[in-house]
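Let's take a walk through this structure together, stopping at a few spots along the way. Keep the 3D view open as you read.

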Amino acid sequence: MLAAAAVLVVVGLTWGAGVFGKVTGGGFDDPASESTKARDRIIAELGNQDVDVLVLYSSDSTTVDQPAFRDPVTTTLTALRGLPEVASVTSWYDTQAPNLVSADRHATYAVVQLRAVEPDDKTAAYERVEPALDAPGVTTDAGGTVPFLYEANHQTERDLVRAETISLPVLLVLLVVIFGGLVAAGMPLLIGGLAILGAFVAIRLLTLATDVSVFAINVITLIGLGMAIDYALFVVSRFREELAAGHDTPAAIQRTMTTAGRTVMVSGLTIALALASLLIYPQVFLRSMGFGGVAAVLVAMLGALTVLPALLAVLGPRVNALRIPMPWRRRTATHGDGWARVARSVMRRPWLYAVGVVAILAVFAAPAVRMEFGGFDERVLPAGSEPRVVADRLATGFPGGTVGPIEVLVSGAPEAAARQFAERVGQVPGVTGVQVTANRGDSTLLSATYTGESTGQVAQDAVRTIRDLPGPAAAEVLVTGRTAADLDLISSLASRLPWMALIMASATLVLLFLAFGSVVLPIKAVLMNLVSIGASFGVVVWVFQDGHLADLLGFTPTGFIEPSNPILMLAVLFGLATDYEVFLLSRVREEWDRTGNNTASVAHGLARTGRIITAAALLLIVVVAGFATGGIMFIKLIGIGMIVAIVVDATLVRALLVPATMRLLGRWNWWAPGPLGRVYSRYGLRETEAPQPVREPEPASRS
């Protein structure tokens with residue numbers, strides 16, 4: 001097994017690492033949406049008409065018509081037209097169009113169209129063209145769709161590299177503190193590395209059959225490392241516990257795998273199915289996150305169930321080697337006196353804890369009910385980035401300036417009829433101007449500018465109104481552009497969200513029933529997951545939609561949330577919450593099978609797993625923390641949202657609310673109707689053959 005793992009590592013480091021050159025950078029569109037169909041039709045009927053790059057030239061001392069400004073800019077633009085990657089360049093110097101020069105005449109921008117059609121090809125072409133954009137003696141900034149995506153991708157890569165550079169040493173230190181020795185501390189990191197490399201191999205195999213977005217790599221790094229550490233922490237802790245109980249290495253491994261191993265399998269399958277719910281979305285970037293997450297979780301699970309036991313078999317008691325003296329560890333019992341006291345307190349006052357925690361979580365979750373959705377624009381980038389500078393300058397200094405005009409394809413009508421329709425478009429509230437930008441036969445492309453950002457309400461209302469306008473007789477009118485694509489994305493995501501929720505809930509209910517033989521516990525687990533996620537969403541709305549702490553965290557609030565972010569968080573956090581639930585319930589069920597005393601079982605399970613769940617949560621927070629410090633706002637949002645959810649789930653929910661509700665439910669925790677009970681008896685994922693428990697009397701609860 002160790003030899004097979006070594007082969008996988010070598011393949012992952014060589015062939016698997018090549019996945020970086022095989023993934024795509026786009027994939028945000030729904031192929032069935034009107035905006036995507038319109039773009040495809042524009043290319044087919046009129047050729048590529050994308051506005052790819054907006055090059056802003058500005059000067060504080062000279063105006064656009066003075067030689068010191070005009071000459072270097074026109075020389076640069078002439079050279080730019082000769083590059084093989086460039087299809088066309090439009091500037092004020094050629095057209096005298098008033099919208100291409102600023103109101104103070106100290107700035108102008110050129111519209112550059114690239115020959116490439118596909119997003120990845122455009123990005124590669126822009127990277128080659130970028131050095132040729134600079135005009136000597138004039139300030140040059142590049143913005144528009146392609147530079148925006150280029151900068152967002154590169155900023156994300158920089159954030160991830162910095163996060164991993166910081167998190168790995170911190171993880172090692174924390175693991176040493178948790179385990180008290182270097183050898184045991186290294187086990188989770190080894191499985192984490194194996195999970196990441198194995199997932200790279202799996203995703204590269206997938207690229208042979210379908211498009212996979214670069215976002216799959218980001219999810220692999222986060223989920224692979226986080227879950228591998230969780231699983232290895234749980235397995236190694238149980239193995240050391242069994243050794244301490246006097247079992248030899250083979251017996252300790254066998255007992256570990258029938259208990260902790262079963263828990264890891266149930267957790268891994270549940271999280272993988274939760275992440276697989278992302279595969280129902282047509283957008284490549286969301287499906288890719290599903291691919292990456294499922295691959296990372298399954299490889300982490302298999303590594304913890306195969307490679308890690310093989311490694312522990314080789315090490316045996318030497319897993320405790322290279323111990324580091326930590327005096328405070330001597331003052332705690334095996335399962336920690338602190339968690340034993342918490343368990344006893346919750347069992348004595350279940351109503352107090354249940355009501356108190358629910359009240360706290362309700363306060364956290366309250367802002368989530370007013371979550372507003374919108375697309376992302378240049379404001380997600382750091383304030384000084386070039387695409388954001390261009391967007392801000394065009395919005396404030398140019399008449400009707402926008403980096404994302406509304407594009408309207410009028411197909412099947414003569415140009416005269418299309419121009420009459422353009423006049424009606426120009427009367428739409430918020431529209432500041434309409435131009436015919438291309439015509440061929442009976443196909444005409446209109447470009448409409450508007451006030452405010454492409455993600456603003458004015459632009460969205462304008463798109464909706466234009467789509468409702470009656471077109472020319474026998475003609476087809478299709479609307480696309482940034483704003484239209486955002487609206488179509490929101491509609492597409494919302495239409496599939498109920499199915500995603502159904503998949504996650506169904507998978508959790510089935511797997512937890514097979515693991516614990518109860519109908520009540522799986523339903524309660526789903527409700528507890530929603531409580532944790534609701535608290536996280538409430539904080540996200542309060543911070544990122546409302547703008548609280550914006551200066552401290554370093555971002556610009558937009559007044560809305562990009563909808564794919566909460567969907568990704570929902571899939572990941574639902575799986576993570578189930579992970580902690582399985583850890584706790586496995587130990588509770590183990591004790592219930594032995595004694596049949598619900599109160600004692602819950603207290604014992606919390607006392608035994610509280611420290612491990614807290615440690616796993618702390619380690620995962622370190623993994624996620626790098627996201628919260630990133631320069632991209634939506635990456636920061638996911639990081640902070642996940643940190644809040646992990647803290648809430650590992651402390652208030654799993655340590656207090658779940659035990660309190662289990663104490664109140666008593667034997668109803670383990671109830672299942674007769675037919676389902678027989679299903680569990682035959683197909684349940686039990687550790688051993690179910691014993692006949694001794695039913696001890698339950699003490700009365702006290703509030």
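Start with Ser277, which is buried, with a relative accessible area of 0%. You'll find Ser277 in the loop between α9 (249-276) and α10 (284-315). Keep in mind as we go that this is a predicted model. If you want a sense of distance, look from Ser277 over to Tyr150: the two are 127 residues apart along the chain, and their C-alpha atoms are separated by 29 Å.

Another buried spot is Ile42, which has 5% relative accessibility. Ile42 belongs to helix α2 (residues 34-46). Pair Ile42 with Gly193 and you get 151 residues of sequence between the two positions and 46 Å of space, going from C-alpha to C-alpha.

Take Val11 as one of its members: Val11 sits in helix α1 (residues 2-14), and its relative accessible area of 30% makes Val11 partly exposed.

Charges deserve a stop of their own. Side chains of opposite charge can pair when their charged atoms come close. In this model the count comes to 26 salt bridges, and a few of them are worth a look.

One joins Arg370 to Asp546, with the closest N and O atoms 2.7 Å apart. This pair links distant parts of the chain, since its two ends are 176 residues apart: Arg370 is in the loop between α12 (350-365) and α13 (386-397), while Asp546 is in the loop between α17 (520-545) and α18 (550-553). Both ends are partly exposed, with a relative accessible area of 38% for Arg370 and 30% for Asp546.

Another salt bridge pairs Asp488 with Arg467, where the closest N and O atoms are 3.0 Å apart. Asp488 lies in helix α16 (residues 482-516) and Arg467 in helix α15 (residues 457-468), so this bridge ties together parts that are 21 residues apart in sequence. Asp488 is buried, at a relative accessible area of 12%, whereas Arg467 is partly exposed at 26%.

Then there's a pair within a single helix. Arg594 and Glu591 meet through their side chains in a salt bridge, at 2.5 Å from N to O. How are these two placed along helix α19 (residues 564-595)? Arg594 and Glu591 are three residues apart in that helix, which means that about one helical turn separates them. Arg594 counts as exposed at 56% relative accessibility, but Glu591 counts as buried at 10%. Elsewhere, salt bridges that share partners join several residues into one network: Arg238, Glu241, Glu242, Arg255, Arg587, Glu590 and Arg608.

How values were computed:
Residues are numbered from 1 along each chain as its sequence is written. This is a predicted model: local features need pLDDT of at least 70, side-chain atom pairs count only at pLDDT 80 or more; totals for chains, interfaces and linings use all residues. Side-chain values use heavy atoms; hydrogens and water are left out. Helices (H or I, at least four residues) and strands (E, at least two) are DSSP runs, numbered from the N terminus. Buried means under 20% relative accessible area, exposed over 50%, partly exposed in between (1.4 Å probe, protein chains only). A salt bridge is a side-chain nitrogen of Lys or Arg within 4 Å of a carboxyl oxygen of Asp or Glu.
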